[in-house]
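Subject: Handover of a structure

Dear colleague,

I am handing over the structure shown below, together with a summary of what was found in it. Please keep it open while reading.

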Amino acid sequence: MESLISPKYQMKLIENIENALWAQFQTSKYYNVEKYIEKWQNWEDRYDGNYHIGHTPHFNITKQGNSDNIDLKSTLHNIDGETLLKIAIDLGVDTPDFIPSIPTFRNEIKSNYQTASAIFEKAFKSIESDPSVAVGLANSALESIIKEIMKDDRINTKIKKGDTLYALVCAILKEFSLFPNSKMPEEIKTIGSSLIAACQSIERLRSEKTEFHGKTEDDYIVSDSLYVYFIVNTLTTVGLFLNSFYKRKYPILATVNETKIDDGGLPF
């Protein structure tokens, strides 16, 4: 992954991580920031040819001149791109250039889909540390959003309590008149079919290629975080589309305060 994170992007990421870290701790800032960074150090035995250099970390913590306080900016520049990305995700720092749909999706669902938002936050933070969990939770977040939309009294299509992602997507596309049928232009029908196929594949990945169900040593498990970024971006893109379409098709009706105001008999 390191080769996929450009120096230009790392520079911006470092700036955002630095700001997030100083805001993270309200007391003993230098001490807590340094202890947090220490937890990202991987210690390994290193050799120069046959000469044992020693048990050293894969990046060094730099101190300020004439002080024992951490020089956070210099320390972050010592850290490889992959670890920087993991730190950003752990701190909840948006990474729009690497996982583009996620920041928009997180902001969009925060207010109206609180359960889905909480599930997705856990998925987001698990992308690097536990890919299987990230796939499963992202799948669940999209299921939760669709279920919330389908609870709208103006929606006629009914779903079953145990419906999973594939059935839910089919149901909401039927409600939106986007389910593939013979009356559609071929291009639109293809897009609808592809959306259903994508969600079905993600659901199968969750069931068959993660640790959510019992597996044997011979079973393939999704473990490469790059695949997970691809899967999560796909889910967020679908979620953003469905939510936007829902808001246009079924706009929220404003509540009008009908309390009568005494005008004192004035004619105007």
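Predicted model: local features only at pLDDT ≥ 70, side-chain atom pairs only at ≥ 80, totals over all residues.

Which residue just after α4 takes a positive phi? That residue is G92, with a phi of about 80°.

Residues are numbered from 1 along each chain as its sequence is written, and side-chain values use heavy atoms, with hydrogens and water left out.

Overall architecture

The protein chain has 10 helices and 2 strands; helices (H or I, at least four residues) and strands (E, at least two) are DSSP runs, numbered from the N terminus. Along the sequence they follow the pattern α-α-β-β-α-α-α-α-α-α-α-α. The chain has 268 residues, 40% of which count as buried. Here buried means under 20% relative accessible area, exposed means over 50%, and partly exposed lies in between, with a 1.4 Å probe and protein chains only. The accessible surface is about 16200 Å², and carbon and sulfur atoms account for 51% of that; such areas come from the Shrake-Rupley method with a 1.4 Å probe, and for residues only the protein chains shown count as cover. Of the contacts (heavy atoms within 4.5 Å) between residues at least 6 apart in sequence, 58% join residues at least 24 apart.

Helix α4 and its surroundings

Helix α4 covers residues 81-91, and because 8 of its 11 residues are buried, it is largely enclosed by the rest of the structure. The buried residues are G81, T83, L84, L85, I87, A88, I89 and L91. They pack against α1, α2, α3 (72-77), α6 and α10.

E18 belongs to helix α1 (residues 7-24). Its relative accessible area is 14%, so E18 is buried. Beyond its neighbours within four places in sequence, E18 touches L72, K73 and L76. The C-alpha atoms of E18 and A88 are 9.7 Å apart, although 70 residues separate the two in sequence.

E34 sits in helix α2, and with 14% relative accessibility E34 counts as buried. When neighbours within four places in sequence are set aside, the contacts of E34 are I61, K63, D68 and I70. From E34 to D71 the C-alpha distance is 9.0 Å, across 37 residues of sequence.

The expected span is 1.5 Å times one less than the number of residues. The buried residues of α6 are A116, S117, F120, A123, F124 and S126.

α6 and α7 pack with their axes 8 Å apart and at an angle of about 160°, so α6 is roughly antiparallel to α7. Axes are lines fitted to C-alpha atoms, for helices over the stretch in contact, and angles run from 0 to 180 degrees between N-to-C directions. Angles under 35 degrees count as roughly parallel, over 145 as roughly antiparallel, 65 to 115 as roughly perpendicular, and the rest as oblique. The residues making this contact include I119, F120 and A123 of α6, and A134, L137 and A141 of α7.

Helix α9 (residues 186-208) has 23 residues, which should span 33 Å at 1.5 Å a residue; the ends are 32 Å apart, C-alpha to C-alpha, in agreement. Buried in α9 are G192, L195, I196, C199, I202, E203 and R206. Their cover includes α7 (131-150), α8 (165-175) and α10 (225-249).

The axes of α7 and α9 come within 9 Å and cross at roughly 135°; the two helices are therefore oblique to each other. At this meeting, V135, G136, N139, S140 and E143 of α7 are in contact with I202, E203 and R206 of α9.

Loop residues with positive phi

S28 lies in the loop between α1 and α2 (29-38). Its phi is near 45°, a positive value in a residue other than glycine. S177, in the loop between α8 and α9, has a positive phi near 60° and is likewise a residue other than glycine. With a relative accessibility of 54%, S177 counts as exposed.

Yours sincerely
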